Amino acid sequence: MTSEARRTPHAPRHAPELRAAARHIGRRRFLTVTGAAAALAFAVGLPAAGTASATEIDARHITDDPFTLGVASGDPLPGSVLLWTRLAPAPYQPDGGLPAGRVTVHWELAHDEQFRRIARRGAATAHPEFQHAVHVEVNHLAADRVFHYRFRVGDWVSETGRTRTAPLPGSAVDTLTLAAVSCQAYHEGHFTPYAHLAADPDVDVVFHLGDYLYEYAVSAVGGARNYTDRTLPAVFNRETMTLEDYRLRYSLYKTDPDLRAAHAAHPFVVTWDDHETENNYAGDTPENNVPPEEFLLRRAAAYRAYWEHQPLRRPQQPSGPDMQLYRRLHWGTLAQFDVLDTRQYRTNQIYDGSQVPGPEVDDPTRTMTGETQERWLLDGWRDSRALWNVVPQQVVFSQRKFDRVEPSRVSMDAWDGYRASRRRVLDGADAAGIENLMVLTGDVHVGYAFDIKDDFADPASRTRGTEIVATSVTSGKDGADRPGNWATYMAANPHLKFYNGRRGYVNITLGRQQARADFKTVPYVTRPGAPVTTVASFVTEAGDPGLKPA
């Protein structure tokens, strides 16, 4: 995939006074336990003095495995891969089990799993300011190739990861298989879908559509996991608020063996939703009634921890409470991916939850993406030469009525609460001549397949594209094949072609003639070991949008 994120910087949108106030809170808390971490959340790079220039840790003194959080890769480009790991010999301790010093991490990238044919090797520095995480951008590689990678610290060697480069720009690629996942509340079940995804040899890249982490407390028994062989530390049994809290929560998630296996098996392209920071936040507005400067401090902590723990490139590194996560990737001429952020720049929801829409949803000043990101999306479509234009994003794009009666309630958190914003996006796609639009969505803990209509009020109106909604990995616990509202939703939304409430993921194969979506589910996640089943498959033809059973 070629990337264009660094070409369109999104300037920080907060008033200098607000950012200064948030920094002031961090300084005032410097004498508290979390004060230094709060201030650190606002740091852009490494401090000029202090721990960044401290003596390097002798790797021979690291007596426990530092690779407890596994390895990952992300955002594949035609000549480059991004490799990630974080050193944490004691992952459930605030310092990860390492003192505040620098560690040299050696890495290798090979053409074969046995590392007999080395493509590149080098060394990176793991700094304590970034919780000893490393992001290695390996460049000057051959396009459209599979590679294997690993890290070494002293005598410790990580597990082996598998990644790949994207095809060259302009190359006529025949096929791409991606997986879409979302919503993985640790306390609501085992990450079994990831075990099956890790074992799938056909997947080229995984798109994570948000809610990678949940801010809610995790009990000593792991919530619905109901552990009997371990007791989780009390540090997890509280809501994440500080940089230390968020870092520890990522440590909990990334020690899960199924999530580790999926990251090692495939490169990920990640975007967030709300729970990586706080439920239902919108821009500067928190869910709870706290001052915006206090929420910005929390947001800065959440964003920094997110970047530290995800395989993201340098343009995505946050600056305080601002982080440009939207970016554009390509897979030859087959596909263009416009990865959106519908959380950081949105207008506040009219109402948290569902209600009958009023005139506010058609207010042109209300936005889901912010003006800059919307313009970037539409400009990118005008320049696109891809067969499939895919939009990985967070919340349901298509109209989704909750009732059979009129007027029906809809979700104010989804695009139904921002109809003018949705209309501009659809009009922009039309003006750019986009014929094969596909929206990828997470958030709602169910699997959906929608036809995107030009006018959702008229089922006979033109079909503009396809929306594939990936169910959750665990959120919602076991779920059901047909939730209680299944019949109502299917009747109230004629453009809804599929609805399933089990946990799992979806595989999407893009080809020159058609795209195919295979919905994969497991029967339970509240206990381990569930099998996986393909419960439904749909195709949409290139040049003739509309879902048909495969």
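A polar contact is a pair of N or O atoms within 3.5 Å; within protein, one atom must be able to donate a hydrogen and the other to accept it, and residues adjacent in sequence count only if both atoms are side-chain atoms. Helices (H or I, at least four residues) and strands (E, at least two) are DSSP runs, numbered from the N terminus.

The model is predicted: local features need pLDDT of at least 70, side-chain atom pairs count only at pLDDT 80 or more, and totals for chains, interfaces and linings use all residues. Residues are numbered from 1 along each chain as its sequence is written, and side-chain values use heavy atoms, with hydrogens and water left out.

**Helix α5**

Asp256 caps the N-terminal end of α5 (residues 257-265), with a side-chain oxygen 2.9 Å from the backbone nitrogen of Asp258. Within α5, the residues Leu259, Ala262, His263, Ala264 and Ala265 are buried (under 20% relative accessible area, with a 1.4 Å probe and protein chains only). These buried residues pack against β1 (71-77), β6 (146-153), β8 (161-164), α3 (192-198), α4 and β11 (268-270); contact here means heavy atoms within 4.5 Å.

**Helices α4 and α6**

Helix α4 (residues 243-254) also packs with helix α6 (residues 292-308), at an angle of about 30 degrees and with the axes 8 Å apart. Axes are lines fitted to C-alpha atoms, for helices over the stretch in contact, and angles run from 0 to 180 degrees between N-to-C directions. The angle makes α4 roughly parallel to α6, a term for angles under 35 degrees. From α4, the contact is made by Leu243, Tyr246, Arg247 and Tyr250, and from α6 by Arg298, Ala301, Ala302, Arg304, Ala305, Tyr306 and Glu308. By class, this contact has seven nonpolar, no polar and four charged residues. Ala, Leu and Tyr are among those counted as nonpolar, and Arg and Glu among the charged.

| Residue | Location | Relative accessible area |
|---|---|---|
| Asp403 | loop between β15 (388-392) and β16 (410-411) | 16% |
| Thr466 | strand β19 (residues 463-469) | 2% |

The side chain of Asp403 makes a polar contact with the side chain of Arg409, at 2.7 Å. Leaving aside residues up to four places away in sequence, Asp403 touches Ser408, Arg409, Thr488 and Ala492.

With the same exclusion, Thr466 touches Leu437, Met438, Val439, Phe450, Ile452, Thr540, Gly546 and Leu547. The C-alpha atoms of Thr466 and Lys453 are separated by 8.8 Å, and the two residues are 13 residues apart along the chain.

Methods:
Parallel < 35°, antiparallel > 145°, perpendicular 65-115°, else oblique. Buried < 20%, exposed > 50% of the residue type's maximum accessible area, 1.4 Å probe, protein only.
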